[in-house]
Amino acid sequence: MIPENHPGLLFDFCPRCGEKTMKFDGLKKTDCAQCGFQFWFNASGAVAALIFNANKELLLTIRKSDPGKGEFDLPGGFIDPDESAEEALVREIKEELNLNITHFRYLQSFPNQYLYKGVVYHTIDMIFFCTADDNSNITPADDVTGYRWMKPSDIDPQSMGLNSMRKVIKWINTELAKEDQNIL
Ligand SMILES: [Zn+2]
């Protein structure tokens with residue numbers, strides 16, 4: 001289902017010829033019937049980190065801004081243009097928590113819809129298992145106001161601010177319950 005704030009529904013006028021001739025295909029692109037201008041709304045890449053301490057507690061952040069202001073999140077964020085997912089992971093964890101990631105391993109991705117200032121951005125949130133050089137000097141900054149270590153089984157998925165992150169918490173607990181679990 002197309003959300004009402006999908007950008008394809010927000011562009012009426014063509015940015016090239018100025019005519020009110022934009023036609024949204026209902027999924028991922030919009031075309032100008034007058035001049036042929038075309039624009040695609042592909043998913044934006046984002047990364048999120050699973051960082052555990054020695055007690056097998058997961059590091060959660062507290063979101064500074066909407067969507068999900070004041071609610072839990074995983075450390076991470078959007079991938080910048082011309083940046084790799086791995087570079088974004090290292091940069092975001094440093095910016096948000098002053099943690100230096102030393103090892104990481106890609107696990108799985110989760111699609112999301114991220115409503116920001118009246119526009120829905122479709123994202124693909126890529127989850128990495130990460131270890132940091134030192135978990136003792138965490139300093140929240142940037143778009144994070146705090147953090148908490150919690151056992152995954154104690155985390156209420158509904159306490160996560162973003163739908164994809166609710167799915168991640170459920171997925172972690174399903175994986176950790178398997179005898180041959182391999183996400184840690
Ligand atoms: Zn046009």
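**Helix α2 and the zinc site**

Reply: Asn98, with a positive phi near 55°, follows α2. Helices (H or I, at least four residues) are DSSP runs numbered from the N terminus. The model is predicted, so local features need pLDDT of at least 70 and side-chain atom pairs count only at pLDDT 80 or more, whereas totals for chains, interfaces and linings use all residues. Residues are numbered from 1 along each chain as its sequence is written, and side-chain values use heavy atoms, without hydrogens and water.

Me: Within what arc do the buried residues of α2 fall, seen down its axis?

Reply: Buried means under 20% relative accessible area, with exposed over 50% and partly exposed in between (1.4 Å probe, protein chains only). The buried residues of α2 include Ala88, Leu89, Glu92 and Ile93. They line one face of the helix, because the directions from the helix axis to their C-beta atoms fall within an arc of 125°.

Me: What is the arrangement of the four donor atoms around the zinc ion?

Reply: Donors are N, O and S atoms within 2.8 Å of the metal (3.2 Å for Na, K and Ca); water is not among the atoms, so sites may look incomplete. Here the SG atoms of Cys14, Cys17, Cys32 and Cys35 lie 2.3 Å from the zinc ion. Four donors count as tetrahedral if all angles lie between 85 and 135 degrees. The angles here are 106 to 116°, so the arrangement is tetrahedral.

Me: Which spacing do the donors of the zinc ion follow along the chain?

Reply: Cys17 is partly exposed, at 31% relative accessible area, and Cys35 is partly exposed, at 32%. Along the chain, the donors of the zinc ion follow the spacing C-x2-C-x14-C-x2-C.

Methods:
Four donors count as tetrahedral if all angles lie between 85 and 135 degrees; four count as square planar and six as octahedral if opposite donors are over 155 degrees apart and all others between 65 and 115; anything else is irregular. Helices (H or I, at least four residues) and strands (E, at least two) are DSSP runs, numbered from the N terminus.
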